[in-house]
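This briefing gathers computed features of one structure for a reader working from the coordinates.

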Amino acid sequence: MDLILKYFPQLTDIQKNQFHKLQELYEDWNLKINVVSRKDIDELYIRHVLHSLGIAKVQPFLPGSKILDVGTGGGFPGIPLAILYPEVNFHLVDSIGKKIKVVDEVVEGLQLENVKTTNARVEEVSGKYDFIVSRAVAQMETFVHWVNDKIAKKSIHDRKNGILYLKGGDLSEELKVYRNASVFPLNDFFEEDFYETKSVVYLPMKYKG
Ligand SMILES: C[S@@+](CC[C@H](N)C(=O)[O-])C[C@H]1O[C@@H](n2cnc3c(N)ncnc32)[C@H](O)[C@@H]1O
């Protein structure tokens, strides 16, 4: 929890409580349904919560904007971002029902009013969003194919609407065809070793190869 305050010192008491409660909620739910690996539960804040918030360091979201989290699993990156931005609308989607059930329980436990969840493959979801966020779901090419038609044409942020994807390791091969992709290394924002190889990939909409 101190880790979150170290990088996001302006949190309200409500947000501090919500971030604090995450540990207990995920511990409880993990005993019933294994959504986060045992090892990762011990390092929830560094491996999941702060990692998710890396997207906010690259692209802060404006009130009223709409964000789609594809393949949210246990709620990452969507849940930490929804705590950080209570005035932004988040739609968290996963094709596995038991994962969405955990997300629903966490949303209820935190009394988050800005999160909607759907148990479906993202290809079946309609709607338009300012940004599409994700982590560990698919190769960029497949992902772009799934979500390209879900990005709203009109951008309200300075940065053009598009995809913000948390990736790790060497991305040169995967991103070779995306000449307009930008890679933001997370160790520019976070000093912990875990972030040395992690980055946020931004891909503006209407990619042309
Ligand atoms: C490795 S997990 C990552 C979960 C979470 N994003 C995280 O980083 O902790 C991948 C998730 O993507 C979901 N998924 C894969 N393809 C999907 C699709 N086409 N539509 C919706 N969810 C999908 C899977 O059900 C799984 O929960």
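Predicted model: local features only at pLDDT ≥ 70, side-chain atom pairs only at ≥ 80, totals over all residues.

Leu-68 stands opposite His-91 in β2. In β4, the bridge partner of Leu-68 is Ile-132.

**Strand β1 and its partners**

- β1 runs parallel to β2, and five bridges join the two strands.
- β1 also runs parallel to β4, to which four bridges join it.
- Five of the five residues of β1 are buried, so the strand is largely enclosed by the rest of the structure.
- Lys-66, Leu-68 and Val-70 point one way from β1, while Ile-67 and Asp-69 point the other way, and all are buried.
- This pattern can be read against a general rule: in a regular strand the side chains alternate between the two faces of the sheet.

**Further pairing and crossovers**

- Strand β2, residues 89-94, is joined to β3 by five bridges, and these strands run parallel.
- Within that pairing, Leu-92 has Thr-117 in β3 as its bridge partner.
- A right-handed β-α-β unit is made by β1, α5 and β2.
- A right-handed β-α-β unit is also made by β2, helix α6 (residues 97-110) and β3.

**Surroundings of the ligand**

- Which residues come nearest to the ligand? Of the 17 residues around the ligand, these are Gly-71, Gly-73, Phe-76, Val-122 and Arg-135.
- The shell around the ligand divides into seven nonpolar, five polar and five charged residues.
- An unreviewed UniProt entry places the feature "binding site" at Gly-71, Phe-76, Val-122, Glu-123 and Arg-135.
- Gly-71 is situated in the loop between β1 (66-70) and α5 (78-84).
- Gly-71 is buried, because 20 other C-beta atoms lie within 10 Å and the threshold for burial is 20 or more.
- Beyond its neighbours within four places in sequence, Gly-71 is in contact with Asp-94, Ser-134 and Val-137.
- Val-122 belongs to the loop between β3 (115-119) and β4 (131-135).
- Val-122 is buried as well, with 23 other C-beta atoms within 10 Å.
- The contacts of Val-122, leaving aside neighbours within four places in sequence, are with Val-70, Val-93, Trp-146 and Val-147.

**Backbone geometry**

- The peptide bond from Phe-76 to Pro-77 is cis, with omega near 10°.
- Pro-77 lies in the loop between β1 and α5.
- Gln-111, which is not a glycine, has a positive phi of about 55°.
- The loop between α6 and β3 contains Gln-111.
- Is Gln-111 buried or exposed? Gln-111 is exposed, because 10 other C-beta atoms lie within 10 Å and a residue with 12 or fewer counts as exposed.
- Ala-136, a residue other than glycine, has a positive phi near 55°.
- The loop between β4 and α7 (140-147) holds Ala-136.
- Ala-136 is exposed, with 11 other C-beta atoms within 10 Å.

**Two further buried positions**

- Gly-74 is placed in the loop between β1 and α5.
- Gly-74 is buried, with 23 other C-beta atoms within 10 Å.
- Apart from neighbours within four places in sequence, Gly-74 is in contact with Tyr-26, Val-35, Val-36, Lys-99, Val-102 and Val-103.
- Gly-74 and Leu-171 are 97 residues apart in sequence, and their C-alpha atoms are 25 Å apart in space.
- Val-49 is part of helix α4, residues 44-58.
- Val-49 counts as buried because it has 23 C-beta neighbours inside 10 Å.
- Not counting residues up to four places away in sequence, Val-49 touches Ile-4, Phe-19, Leu-22, Leu-44 and Pro-80.
- Val-49 and Leu-3 are 46 residues apart in sequence and 9.5 Å apart in space, C-alpha to C-alpha.

Note on methods
Residues numbered from 1 in each chain as written. Near = placed C-beta within 6 Å. Nonpolar A, V, L, I, M, F, W, Y, C, P; charged D, E, K, R; others polar. UniProt positions renumbered as here; feature names shortened; annotations may be inferred. Contact = placed C-beta atoms within 7 Å. Pairing = 2+ DSSP bridges. Right-handed = clockwise from strand over helix to strand, strands pointing away.
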